[in-house]
Amino acid sequence: MSLRNEPLDWQLETNNPYIPVYHQGNLVGFFKPEYASEIIKVLNEEEVLKKALKMACTDLIKKIGGDTRKVNYLMEKYVKTSERPKHGTRAIAVLLQDRQKELDLSNQEFAKFCDTFKLSPTELNNIYAGEAFDDSLLAPLSRILGMAKEQLLKVRDGSEEQSNT
């Protein structure tokens with residue numbers, strides 16, 4: 001086979017223009033024009049939201065007479081609590097809420113739906129409250145959520161990598 005017919009590892013494509021993107025005056029990369037404006041818009045919105053959160057946390061701390069040097073700690077706390085939980089009972093509760101939305105059921109209808117799978121309204125409320133549950137509820141939850149018990153166990157108990165960090 002001729003070496004001239006094989007594609008080269010490094011190539012130049014002069015027909016694809018890219019535009020530079022800057023952050024605080026520093027070049028951070030190049031993007032295709034059709035993506036650049038949307039990326040910049042999202043990144044700038046994120047900055048505005050961070051500033052708004054910082055202002056709100058500062059105002060809150062000032063109002064209660066706290067130490068304004070703890071603004072970053074409070075911001076991190078709010079960000080962490082607003083993130084979608086990946087593990088634990090709260091993560092199972094979010095999956096149940098997602099399932100309820102997917103089925104387009106009211107709270108009462110969803111409680112009845114879960115009860116048909118042997119998850120009582122009390123047990124459902126306990127999960128929503130973040131209380132730990134035992135393995136006997138894995139089978140009903142598995143059927144309600146449409147996921148394997150093993151996968152549900154990983155969500156409830158966390159993955160191996162998570163527990164080591």
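Trainee: How far apart do the C-alpha centres of domain 1 and domain 2 lie?
Mentor: This is a predicted model. Its chain is divided into domain 1, residues 26-82, and domain 2, residues 89-157. Between the C-alpha centres of the two domains, the separation is 34 Å.

Trainee: Is H3 parallel or oblique to H7?
Mentor: Helix H3 spans residues 89-103 and helix H7 residues 149-157, and their axes are 6 Å apart. The packing angle is about 125 degrees. Roughly perpendicular ends at 115 degrees and roughly antiparallel begins over 145, so H3 relative to H7 is oblique.

Trainee: How many nonpolar residues does the contact of H3 with H7 have?
Mentor: From H3, the residues are Ala91, Ile92 and Leu95; they meet Leu152, Val155 and Arg156 of H7. By class, the contact has no polar residues and one charged residue, and its nonpolar residues number five.

Trainee: Does Asp115 count as exposed or partly exposed, and why?
Mentor: Asp115 is found in helix H4, residues 107-116. Exposed requires over 50% relative accessible area, and buried under 20%. Asp115 has 40% relative accessibility, so the residue counts as partly exposed.

Trainee: Which residues does Asp115 touch, not counting residues up to four places away in sequence?
Mentor: A contact here needs heavy atoms within 4.5 Å. With residues up to four places away in sequence not counted, Asp115 touches Ser120 and Pro121.

Trainee: What distance separates the C-alpha atoms of Asp115 and Pro140?
Mentor: Along the chain, Asp115 and Pro140 are 25 residues apart. In the predicted model, their C-alpha atoms are separated by 9.1 Å.

Technical notes
Residues numbered from 1 in each chain as written. Predicted model: local features only at pLDDT ≥ 70, side-chain atom pairs only at ≥ 80, totals over all residues. Heavy atoms only, no water. Axes fitted to C-alpha atoms, helices over the stretch in contact; angles between N-to-C directions. Helix = DSSP H or I, 4+ residues; strand = E, 2+ residues; numbered from the N terminus. Parallel < 35°, antiparallel > 145°, perpendicular 65-115°, else oblique. Nonpolar A, V, L, I, M, F, W, Y, C, P; charged D, E, K, R; others polar. Buried < 20%, exposed > 50% of the residue type's maximum accessible area, 1.4 Å probe, protein only. Domains from an automatic or database assignment.
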